[in-house]
Amino acid sequence: PMYYIEYLHGEMLLQKGRYTDAIAAYQHFIQHYRSDNFKKDAYYKISLAYWLMNKKELAKANFENAKIALEKAVE
């Protein structure tokens with residue numbers, strides 16, 4: 001499977017303003033992609049989508065997930 005396609009799909013949906021669908025695509029990517037690469041970016045984009053939906057607490061939580069994923073990727 002090419003799960004990176006889900007990441008790209010999330011990018012497209014985010015650009016179109018389909019935030020809920022973008023979040024679902026990014027979450028699918030995070031759950032199935034084995035490497036840590038791009039996971040921090042996916043969490044960050046989820047955070048942006050929630051922020052744009054005015055769901056500040058979910059945005060903050062996913063931003064924290066992005067920071068954790070970054071730390072994992074650097075190890």
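**Salt bridges and core of a predicted model**

User: What's the relative accessibility of Asp21?
Analyst: Asp21 is at 35%, so it counts as partly exposed (buried is under 20% relative accessible area, exposed over 50%, partly exposed in between; 1.4 Å probe, protein chains only). This is a predicted model, where local features need pLDDT of at least 70, side-chain atom pairs need 80 or more, and totals for chains, interfaces and linings use all residues. Numbering runs from 1 along each chain as its sequence is written, and side-chain values use heavy atoms, without hydrogens or water.

User: Which side chain does Asp21 meet in a salt bridge?
Analyst: Arg18, at 2.9 Å, N to O (a salt bridge is a Lys or Arg side-chain nitrogen within 4 Å of an Asp or Glu carboxyl oxygen). Arg18 is partly exposed, with a relative accessible area of 42%.

User: How many salt bridges are in the whole structure?
Analyst: The search finds 3. One of them joins the side chains of Lys45 and Glu11 at 2.8 Å, N to O. Lys45 is in helix H3 and Glu11 in helix H1, so the pair ties together parts 34 residues apart in sequence (helices are DSSP runs of H or I, at least four residues, numbered from the N terminus).

User: Lys45, then: buried or exposed?
Analyst: Buried, with a relative accessible area of 17%.

User: What does Tyr26 touch, leaving out residues up to four places away?
Analyst: Tyr7, Gly10, Glu11, Leu14, Ala42, Lys45 and Ile46.

User: New topic. Which residues have the most contacts inside the largest nonpolar core?
Analyst: Tyr26, Ala42 and Ile46, in a core of 14 residues (a set of buried Ala, Val, Leu, Ile, Met, Phe, Trp, Tyr and Cys joined through side-chain atoms within 4.5 Å). H1, helix H2 (19–32) and helix H3 (39–52) each give two or more residues to this core.

User: Which element gives the most?
Analyst: H2, with 6 residues.

How values were computed. Contact means heavy atoms within 4.5 Å.
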